[in-house]
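Let's walk through this structure together, one step at a time. Have the sequence and the 3D view open as you read.

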Amino acid sequence: MTLVPSVLIPIAPGTNRNDELAMAFRAAGAEAHQVPLQALRSGEAKLADHQLLGLPGGFSYGDALGAGRLLALDLGGWFAESLAEATAREMPIIGICNGFQALVKAGLLPGRVEPSERGQDPRLPGGLTRTAGDQVVATLVENANGHFECRWVDLLPGSADSVWTRGLSGPLRCPVAHGEGRFVSSDLAAIEAADQVAFRYCTADGTPAGGRYPANPNGSDSDVAGIVDETGLVLGLMPHPEDHVFDRQDPQWRRELGGTCLTLFENGVRAVAGD
Amino acid sequence: MLVGVGTAGDAAREIAIVVGPGRFDSGPDGPAQKAKLFGVRADQIVEYRVFHVRGDLDPEQVELLASELLVDPVRQWWMHRSEHTPPSGHGRVTVIETGLRPGVTDREGAELVRAARELGLPVEAAAVASRWLIYGFLSDRHIQLLADRVLHNSVIERWALDELPPAHADLSATPTATAIIPLSGLDHHDLEELSRSRRLGLTAEEMVAIQKHFASEGREPTDGELETLAQTWSEHCSHKTFRAVISTPDGEIDGLLDTYLRGATDAINAPWVESAFVDNAGIVNFDNRFDIALKAETHNHPSALEPFGGANTGVGGVVRDILGVSAKPIALTDVLCFGPEDLRVAELPPGVLHPRRIRSGVIAGIGDYGNKIGVPNLAGAIFHDPSYTTTPLVFAGCVGLLPRGSHPTEPAAGDFVIMLGGAVGRDGVGGATFSSQSMGAETAEIAGSSVQIGDPVVEKGLIDVVIAAREAGLYSAITDCGAGGLSSAVGEMAEALGAEVDLAKVPRKYPGLAPWEVWLSEAQERMVLAVPDPVPLLALAEAWQVDATVIGWFTGEGRLVVNDGDDVVIDLDTSFLHHGRPRLHLQAAADDTRRGPRSPEELVGTTIEPVAALKALLSHPSLRSNESVIRTYDHEVLGGTVIRPYDGVEMDGPADGTVVVPPGTDGSDPTRGLAIGIGAAMLIGRHDCEAMAWAAVDEAIRNAVVAGADPDRLSLLDNFAWGNPNDPRTLARLVAACRGCHDAAVTYRAPFVSGKDSLFNEFVGPDGVPDPVTPTLIITAAGIVSDIGSIPAVGLMAPGNDIWLLGPHTGTLGGSHLDEVTGGDRGGHVPGPDPDAVLRHREMHRAIAAGLVVSAHDISEGGLAAAAAEWAHAGRRGVAITTAERHSPYELFGEGLGRYLIEVRPDNADDLAEAAPSARRVGWVTEDDRVRIGTELDISLEEVGQAFRSTKPIVATEAGPATAAGGGRR
């Protein structure tokens, strides 16, 4: 098929970074369609008409009741059927920042994970664990430093089998801009064992950040910046690869270029262009 | 009222749910630390969230609501508030609750109602509050202090021991009807009294004009008419001081705006200016297809009372100004002025918040709004001065992008008036008149209703709808609802045509509002559009989930008619409304600026150890690193940022100017950028306000030029924050500053395109003596970068490269930062107007455009030494500079106009000398990690970094009677 793949970018009230997500996908060779959520709900626009789904960053519904929470309610509610259909078609889905928060809170990430032998980690922030049976769950909580933070970070790619991250080499560089990005899970070992950690925060030379600020900007467990589901088709990450697809966006452009994230988007587009 | 463990079918009306775990905030900005400022020592303070829900919910529904909406099941729990008791065995625990006052914007409560209904739960109202557990033996007085000074702000919040009732709006209130306010027969004194008691802010002369007008119509005004006139004629809306006739000892000035600011713009007659001083924002050309919209606003009075809300709505307001010229916001700026952070609580005047509380609230408010609407915050500055303690200043700026010719400005008779945005409440009534008057100890209580909380999510929706409507050509005119609400927005648009509006159509947050309150409420996040065909616009707004309401139409009859159903609220002649205000006449004293030489030896005579002085300068609150602040603002969103506020090899060096490639110009040259520079020189203004204006304009231009802007293609914004212009001495300084702005702009050929004056920035204490703000002028320069590839790096790059100095090797020390950190106010020359500086700006740009400048830094606060240190720090490279045989404080720390440091490769020396003939080689980038100037200054990069990052000013002890930063006011 020679058709140009099309990415659907839904916009909830309070969503932003939809423009540059569209820009990144266009640079990667896709057509980008930015659509208000309401148009999907009314049936005016359909996920079925597209080959990719991109959930952008921002503050959907003002982050009321927790970041991504109310968008997750939409994803698990009236949008669930469209999503299930898309998943059945093996549609690559990317959720960035607020989109990641929504995917996690809707339970789409980390997806179905085999619990590790060690089992549930009882030492979650606040000292509490409430999980549904032995299902491995994750969430994103307030940054360890307690506030919104915007800075450039280095990312070490993992999940070599995912359509999104395959073939990525060396650290990628892009900014984070969030207040609730600290990744915690009831069973991180299980997610790691299943190779579902797609990105880890690292230092400029590619060494894992080891939890140290500012390389790990939010205190995420095991430096986790992004994960994929068990199929590798659904990727969620807190940093903003869509803000580094051109060299001019790199703050070190005068010193040392590198780490552009365009390949990540090209990977997603390539996965469906071959259909 | 409390909910028990009922059986199914037991419906509850009011439910209060506590969500945990609590938040232990033990950081430096945590409540326990802040409490120490007030002498209150709590062992620990833990915050829990409380959700109040009204509705007939059975226990299963409550369970569903809580588990689906209120808690994150991975890490949170919930319980009914009645079950939430402090743990025993921890000593004494006091419980207090804080929450918003009824009617204050509560986004989270509103979203909770919406989401609960999505789940099919019968929720009628919801409100969010905080429950604080305070550990430790605290007296009642200390609990009171803690609540008042740390945990809540009475302007928008309430508090109670143990349990606070929910803040649901009172739905039972009955509206009041329009009232007639008789004016006939009132004398001057009565009219003044009426103006005072209704807080109209109108002078006796203006009240007389109104009295005469209604006498000529043979009737009395309604309350709505009087309030509309007061808003429209307020300083905030009509800039009456800047339009006043001013008598000075040197003759009469026919309006500061026309004579000096617009006067300069007219004299320059720059071809790139599309629109200046006539619309919500200035409009200038970006390239041959797109224009840039520029605006900077002030939001001072509200930020003094409710720092978060004041700053928050300040950003919201200036973004709507940009939307009001049909431009898409692409960058924000903010300049903040606070009192000394180490101010002793005992020195705090009554009714005034501590500078640290104002600072943290304002910064959080700026960040919250910009981050949530998704517009990068790209430039700013923070200044400290004792006069800002009682009157903190918040300047919020915005840059927008629009295709040339896409902003319609002509409503037609028959067009509909459409209000975009949320429902109207009582908050924000009287914002314009409030901000046009002086403040005092009781202002917080009286003016509480003028202060609001913003709702950036609604504003993001406004941006999306307005830009989509512009693309589709759906409106014929647009403006924002600023201070004065519908009255100013519809009033302005209807100036030529007249309009008829029915307030009964306007959605309200709760009943009980008088019609004039609906008409005047500033309520944020609203725009007014003139629309020929409402159907497509209403459909567009619905798709974006933004409320839109047809509230009237443009009549073409020249009267502003406002009804509330059958009740006639207003029927005003628009020409009287807009042109009936008698022109103000003001008296300025002789210019008392202290120009001219004082003995330079006064200052130089003191022994200043250069390294100690440099550390004091780098740690001065107005110079030191604000990186920790900038990190809480999103400066990357939209993906167009090229030069960041903190840049360099470790991203911790201060950039002079910032650069953005405007997103959305797909198809245009992607190498073209917009540079933004900010300038201010308040220390010089203590001596000479005309020189301050020159220095501020020059600094803004230097910052933009270093970032690659063409100095012959600049546009400027002016922002004044001044005291009471009725004081002839204060006015004299304002005149001097305006004259300086004019002369500098004309000399530099950089036109002003928009501005904002904020007057009456003074605090009248209990002693009745006004404390005005130090004369404050902020200049923003925006310039075109034709090739972003030529922009110099931030920070030194490569050992072996040469350092060149462009401009004089020495500066002046009067009003300098060295003067400030070594005791202050010793006099001496201030940097005077320098007509040659413009030549150096052009030389600098020629060198940059030719690709010769590897990195660069302008010489500003702290002179050559501070500039070299910042530059070396940003690049983590050493530098050795020699500009003279001997480096006195004038060489090291003197300040002046049009001075730059440039890093150039040795093999480009000849080309640089040709591009910038005034430049000379003064040093080189070294292999080591030291900053050296002659033999007089030698400091390691590590010490520079420590001083720059210091959170407390380092005192320059060697200089004798030094004071901490902020000292030394005259």
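A salt bridge here is a side-chain nitrogen of Lys or Arg within 4 Å of a carboxyl oxygen of Asp or Glu. B:Glu627 and B:Arg631 form such a pair, with their closest N and O atoms 2.9 Å apart. This is a predicted model, in which local features need pLDDT of at least 70 and side-chain atom pairs count only at pLDDT 80 or more, while totals for chains, interfaces and linings use all residues. Residues are numbered from 1 along each chain as its sequence is written, chains are lettered from A and ligands numbered from 1 in the order in which they are written, and side-chain values use heavy atoms, leaving out hydrogens and water.

Are the two partners buried or exposed? Buried means under 20% relative accessible area, exposed over 50%, and partly exposed in between (1.4 Å probe, protein chains only). B:Glu627 is buried at 15%, and B:Arg631 is buried at 4%.

Over all chains, the structure holds 58 salt bridges. One of them joins B:Arg13 to B:Asp56, with the closest N and O atoms 3.3 Å apart. B:Arg13 sits in strand 1 (residues 12-24) of chain B and B:Asp56 in strand 2 (residues 44-57) of chain B, so this pair ties together parts that are 43 residues apart in sequence. Helices (H or I, at least four residues) and strands (E, at least two) are DSSP runs, numbered from the N terminus. B:Arg13 is partly exposed at 40% relative accessibility, and B:Asp56 is partly exposed at 39%.

Strand 2 of chain B also holds B:Arg49, which forms a salt bridge with B:Glu108, the closest N and O atoms being 2.9 Å apart. B:Glu108 lies in helix 3 (residues 107-118) of chain B, so the pair links parts 59 residues apart in sequence. Here B:Glu108 is buried at 16% relative accessibility, whereas B:Arg49 is partly exposed at 32%.

Now look at where the chains meet. Counting heavy atoms within 4.5 Å as contact, 56 residues from chain A and 67 residues from chain B take part. How many salt bridges cross the interface of chain A and chain B? The rule finds 4. The side chains of A:Arg41 and B:Glu118 meet in a salt bridge, at 2.8 Å from N to O.

Finally, find helix 13 (residues 355-373) of chain B, which has 19 residues. Of these, 16 are buried, so defined as under 20% relative accessible area. After helix 13 of chain B comes B:Gly374, whose phi is positive, near 75°.

Methods
Expected span 1.5 Å × (residues − 1).
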